Amino acid sequence: MIPPMPHDLPEPRLKPNTEVVLQKRYLHKKADGSTETPRDLFWRVSSAIAAEEAKYERSPFTVDDLARRFYDLMTSWRFLPNSPTLMNAASELGQLSACFVLPVGDSIEEIFDAVKFAAMIHKSGGGTGFSFSRLRPKASRVGSTGGVASGPVSFLRIFNTATEQIKQGGTRRGANMGILRVDHPDIVEFIRAKEKEGEFNNFNLSVGLTEAFMQAVERDGNYDLTDPHTGQVTGSLRAREIFDLLVCRAWQTGDPGIVFLDRINRDNPTPAQGEIESTNPCGEQPLLPYEACNLGSVNLACFFVPGHEHDEDPAAAGIDWDGLKQVVHLAVRFLDNVIDASRFPLERIDETVRRNRKIGLGVMGFADLLFQLGIPYDSEAGIALAERIMGFINAEGHAASARLAEERGPFPAYAESVFPQRGEGPYRNATVTTIAPTGTLSIIGGCSSGVEPLFALCFTRNILDGERLVEVNPYFEAALKEAGLGTPELMEQVVEKGSIQSLDALPAAMRKVFVTAMDIDPVWHLRMQAAFQRHTDNAVSKTVNLPHSATEQDIHDIYWLAYKEGCKGVTVYRDGCKSLQVLATGEGQKKMDGEAPAPAEKPRLGVVRKRPDVVQGFTQKIQTGLGAMYLTVNEIDGKPFEVFATIGKSGRSITAKAEAIGRLVSLALRSGVEVRDIVAQIKGIGGEHPVFRGKGLLLSIPDAIAWVLERRYLKDEHLGSGVADIEEHRCPECDEPLVFQEGCLICPACGFSRCG
């Protein structure tokens with residue numbers, strides 16, 4: 001029961017995007033049919049989490065006092081918990097954690113138990129990680145039936161299909177991580193699992209690399225493949241060939257990523273409970289089977305102290321270290337209380353979580369803090385600040401956990417953990433820090449996401465009646481005003497280019513500080529990830545962004561540097577390698593607005609050509625939001641001549657619409673209209689039931705037809721050499737451009753997100 005709201009509780013100050021996201025995803029319906037306000041939401045959460053304090057007699061806080069402190073903490077945007085806590089606190093569901101890992105055992109019963117448990121977790125708002133490494137390889141004998149095993153990849157498909165049917169928390173599809181050890185006999189099939197577009201669209205995939213494998217890569221030797229069912233060596237592979245295959249697939253599509261399993265287990269605080277086999281969907285939270293973790297993030301942008309930007313050490317005087325310490329201690333108490341307040345979907349998960357009491361305190365707004373301090377992201381000073389600030393948070397987080405252990409007792413598995421041997425603790429929590437994705441949270445908090453650089457300094461948003469509003473990063477805008485350079489003409493150039501690096505009208509010092517993700521050499525992305533990892537208990541969710549022109553050797557070097565620098569995993573994204581492009585600036589925005597590239601000469605249209613008696617073509621099955629559509633395209637001289645679209649049974653309204661669209665497209669083709677012009681007209685038409693295909697969205701039947709025509713006949717025109725030339729897509733909910741960061745596709749405008 002939520003206590004009465006204090007009459008003097010201030011209204012939170014919301015930015016426009018914050019209000020949109022809260023309305024779409026977080027605000028509850030009240031019993032009287034009205035919708036809670038943002039003030040209601042944050043009071044609901046703060047009071048529900050503070051109520052757990054009553055269990056602890058030695059607490060220095062009263063419940064009422066702590067509820068007010070938690071409310072102020074969140075509505076000042078200095079700290080926000082993960083989305084399930086904001087959504088489900090004080091609700092009937094009551095599931096407040098974001099990250100789960102489930103085991104997949106080597107039997108039909110265990111496999112389908114995992115499918116069922118994952119569905120329960122997705123329904124409650126969590127994401128799941130799985131290791132498929134226990135499953136016997138394809139074609140192995142199954143003793144109970146005398147048949148043969150179908151292998152991990154076939155069962156991965158079952159998990160993917162099940163996930164497709166479950167909406168995660170009513171707001172997004174369930175997200176999964178699928179991991180297979182590099183020494184599993186089916187590893188090559190797993191690495192290639194996403195080669196076919198549309199496969200495993202609800203999964204992020206990662207290969208679990210071992211020290212033995214990496215050493216074999218280094219010496220150019222072979223490594224053994226081991227059947228997990230029998231423990232016997234079944235063969236060997238040349239390590240460099242597998243490493244190169246991983247690099248090639250990452251270059252082509254970004255999948256799969258890599259995780260360093262031995263390194264993760266060296267940092268496992270409770271090894272007596274078994275090995276860590278998997279992580280949560282975005283890779284930042286390694287967990288034991290049946291374990292969960294709740295996360296929260298400190299907004300570093302809130303701790304800048306102005307007036308010290310030009311000091312010899314601006315980070316020392318330009319950051320409110322005392323304020324940051326207070327927030328870290330309060331946030332650790334908040335996250336520990338979340339464990340007590342949460343109701344987990346399985347008793348086994350409840351037991352494991354309460355045994356280890358893992359929490360994951362991370363950061364967001366790091367790029368904004370750098371802007372305020374005048375420190376470039378891609379600089380030694382930026383790396384040093386990352387280590388300094390995360391080292392401080394990690395140390396204070398553990399100090400806060402130790403204080404909670406004095407008040408409440410250590411986590412129950414403390415005695416059998418690694419800490420007594422090291423002379424550390426006691427701690428209340430087995431782990432304290434994690435750098436998690438903060439896509440939606442950073443929109444609510446009005447800051448940059450996680451430890452990522454910005455994707456663009458300016459971007460456009462649709463408002464009413466087709467009008468567009470230019471949104472500018474506030475720190476960049478302030479710097480322009482201070483320099484007297486914030487003219488409308490300049491802002492148009494920034495929007496057009498998405499970067500300021502080629503704008504000579506701006507001072508070199510400004511261009512050096514205000515860099516975006518694609519301005520930064522990939523090595524700096526990796527070095528920044530490693531800097532945060534050195535002071536983080538769990539792992540770091542970050543994407544190493546690469547330009548479209550990046551080579552496989554570039555990715556090879558990034559993977560190897562990640563291994564040498566101590567990262568626990570790495571995700572790369574080569575701009576334009578996925579069918580769902582991520583950045584909307586300049587000419588890319590025009591493409592999204594439906595403006596077709598102007599042909600050199602307008603096609604001359606003639607009479608409708610007659611149909612020959614015999615034509616040849618192909619039929620493609622496409623899954624749309626309204627069912628499977630069969631699209632037949634017949635050709636003459638290798639060019640499309642007519643189109644037939646069939647969906648559902650005859651007599652249905654949707655069947656008639658599909659037929660009508662096919663006839664009109666056919667009429668245009670037979671009249672001499674160019675394919676590119678037809679695609680430009682029907683591509684992007686929205687519908688009520690968009691579906692994902694691979695990394696792309698099919699918005700409607702006409703959009704699906706455009707997709708087929710474009711892929712077959714315009715593939716040479718589909719991708720260009722730079723961001724502005726690459727095909728763009730928009731959010732299916734609000735029609736704004738999507739960005740790819742921290743392993744997920746995220747809409748900066750409304751908070752829509754999808755991982756996998």
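1. Let's start with a pair of strands: strand 22 (residues 627-636) and strand 23 run antiparallel and are joined by eight bridges. Here strands are DSSP runs of E with at least two residues, helices are runs of H or I with at least four, and both are numbered from the N terminus. Two strands pair if DSSP finds at least two bridges between them.

2. A word on the model. It is predicted, so to speak of local features a pLDDT of at least 70 is needed, side-chain atom pairs count only at pLDDT 80 or more, and totals for chains, interfaces and linings use all residues. Residues are numbered from 1 along each chain as its sequence is written, and side-chain values use heavy atoms, leaving out hydrogens and water.

3. Have a look at two packed helices next. Helix 9 (residues 239-253) and helix 22 (residues 552-565) meet at an angle of about 115°, and their axes are 9 Å apart. From helix 9, the residues involved include Phe243, Leu246 and Trp251; from helix 22, they include Ile555, Tyr559 and Trp560. The contact divides into nine nonpolar, one polar and two charged residues. (Nonpolar covers Ala, Val, Leu, Ile, Met, Phe, Trp, Tyr, Cys and Pro; charged covers Asp, Glu, Lys and Arg; the others, Gly among them, are polar.)

4. There's a hairpin to find too: strand 10 and strand 11 form it, with six residues between them. In the turn, glycine 231 has a positive phi of about 75°. Five bridges join strand 10 (residues 222-226) to strand 11 (residues 233-238), which run antiparallel. Tyrosine 223 has leucine 237 of strand 11 as its bridge partner.

5. Last, which residues lie nearest the centre of the second largest cavity? They are Met177, Ser206, Cys282, Val570 and Thr571, out of 31 lining residues. (A cavity is a set of points on a 1 Å grid over the protein atoms alone where a 1.4 Å probe fits but cannot get out; lining residues have an atom within 4 Å of a point.) The lining of the second largest cavity has 13 nonpolar, 11 polar and seven charged residues.

Notes
On a 1 Å grid over the protein atoms alone, a cavity is a set of points where a 1.4 Å probe fits but cannot get out, and a pocket is an open set with protein on both sides within 12 Å along at least five of seven lines; lining residues have an atom within 4 Å of a point. Axes are lines fitted to C-alpha atoms, for helices over the stretch in contact, and angles run from 0 to 180 degrees between N-to-C directions. Contact means heavy atoms within 4.5 Å.
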